[in-house]
Amino acid sequence: MTSCHPCRICGGPVREFFDFGRQPVSDVFPAPADVGTEHFYRLAVGFCEDCTMVQQLEEVSREKMFPADYPYRSSGSSLMGQHFEATAAHFLATELAGADPFYVEIGCNDGIMLNSVRAAGVRHLGVDPAAHAAQTAGASGSRVHIGFFEESTAHRIRETEGAAQLVFSANTISHIAYIDSVFAGVHALLAEGGVFVFEDRYLGDIVTHTYFDQIYDEHFYLFSARSVQAMARRYGFDLIDVEHLPVHGGTMRYTTARSGERPVRPSVSRQLSYEHDQKLAESATYASFGARIESHCAQLHVLLTDLKAQGKRVVGYGATCKSATVTNYCAIGPDLISAVCDSTPDKQHRVTPGSHIPIVPSASFTAPYPDYAVLFAWNHAAEIMAKEQSFKAAGGRWILYVPDIHVV
Ligand code: SAH
Ligand code: TMP
Ligand code: ZN
């Protein structure tokens, strides 16, 4: 059943294009004794016929998604470590190169980016409600405020610490349904000529490559240059630059500034015309995306059922949020995937949300190797396949389900 909801940004009509049904909060991993206590909601996505913003139709409360013991740790990936070191170096040489700059980061997590800015001696403040992760950043010497960034937080920071030359956020702004409050806060917090830069998964990559598992509770919005430009305008900002980045399977970095304060770079109109050519604002694009999701999920289920019938042992690799969508939508439980290996201590010895597959430390992968491993952390494929080279040498095979089902 499709429904029409008002857009969270502009109030226009949001047409539902895919319903994943009942899905759990993706980043809360129950202990075996707590199975059944998960919070479920209807994961459905649609796009706004007025401003084109792709968004979810139901919302999970921020307290349920980002509790103090939120387990995700950004520093679990060395590739992302390199990405944020390069990002920090770029900003230290540009936006933060003036006299006594001030840097604010929304969603600093364990300090993967913040620590590089702090190490350069720049005044800084990270804001993140995930207390345990933020305390890790604090323990390395970075200044953090544990809490949700919203308009009131921004006013307090501005009053006590002054205006910021750069407000940066990675993989967080798309998680925030109440985004009007974030923009109002950044508007108050930025120094004149300062910039608000955020990077998030890119809608163009998700649709083009059928990265359907990028859709889960935390990714409330799926941004494009067009929808971000419209949103920024509404909140008194210009989208002045976009940069496509290869991380997390395709990310876009959006640079915004208060309206009229900075020139708009040619990258913006280039990206808008790319999105036009890709038909990213047309409903037929989403109808065919939905049909591919259904077909890929059915094929994955058939493959895993066949392997089980052949007596093969299959495990998962990476207890990602993405895997919550895949396992719950495709009805994959411990009968088809006996365990999921993950390097994150706070996920181990727990089970995957909703699908209840036991999560084991990465070291268990080798003892002994399974016949097949479903790579749920496919965005870290290069890093993981390099680390686990002997799996293939021992006859093991990786199963990938994006951009389609294939075994390597
Ligand atoms: N920036 C890191 C972390 C991304 S995970 C990276 O790119 O790897 C998203 C983080 O955003 C979580 O740590 C979560 O606690 C935080 N978060 C969610 N809502 C927030 C808000 N309103 N203000 C600040 N941080 C928020
Ligand atoms: P992400 O795709 O949301 O970044 O999550 C990646 C997950 O995969 C996270 O739980 C950590 C895990 N992981 C490993 O287990 N081994 C690895 O080598 C990497 C890079 C990630
Ligand atoms: Zn809208």
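Mentor: Happy to, and keep in mind that this is a predicted model. Let us start with Arg42, which has a relative accessible area of 22%.

Trainee: Why is Arg42 called partly exposed?

Mentor: Buried requires under 20% and exposed requires over 50%. Arg42 has 22%, so the label is partly exposed.

Trainee: What makes the contact between Glu58 and Arg42 a salt bridge?

Mentor: The cut-off is 4 Å between a side-chain nitrogen of Lys or Arg and a carboxyl oxygen of Asp or Glu. Their side chains meet at 3.4 Å, N to O, so the pair qualifies as a salt bridge. Glu58, at 31% relative accessibility, is partly exposed. Glu58 and Arg42 also belong to a salt-bridge network with Glu16 and Asp19.

Trainee: Where in the chain do Glu58 and Arg42 lie?

Mentor: Glu58 is in the loop between β4 and α1, Arg42 is in strand β3, and they are 16 residues apart.

Trainee: How many salt bridges does the structure hold?

Mentor: There are 14 salt bridges. One of them joins Arg123 and Asp100 at 3.0 Å, N to O. Arg123 lies in strand β6 and Asp100 in the loop between α2 and β5, so the pair ties together parts 23 residues apart in sequence.

Trainee: Why is Asp100 called exposed, and what is the label for Arg123?

Mentor: Asp100 has a relative accessible area of 53%, and the exposed label needs over 50%, so Asp100 is exposed. Arg123 has 33%, so Arg123 counts as partly exposed.

Trainee: What makes Phe376 and Tyr401 a tilted pair?

Mentor: Their centres are 6.0 Å apart and their planes make 55 degrees.

Trainee: How do you know that the charge of Arg22 sits over the ring of Phe40?

Mentor: The charged end of Arg22 is 3.7 Å from the ring centre, and the distance limit is 6 Å. The rule also asks for a position within 35 degrees of the ring normal, and Arg22 is listed as sitting over the ring.

Key
Residues numbered from 1 in each chain as written. Chains lettered and ligands numbered in written order. Predicted model: local features only at pLDDT ≥ 70, side-chain atom pairs only at ≥ 80, totals over all residues. Heavy atoms only, no water. Phe/Tyr/Trp six-rings, centres within 6.5 Å; stacked < 30°, edge-to-face > 60°. Helix = DSSP H or I, 4+ residues; strand = E, 2+ residues; numbered from the N terminus. Buried < 20%, exposed > 50% of the residue type's maximum accessible area, 1.4 Å probe, protein only.
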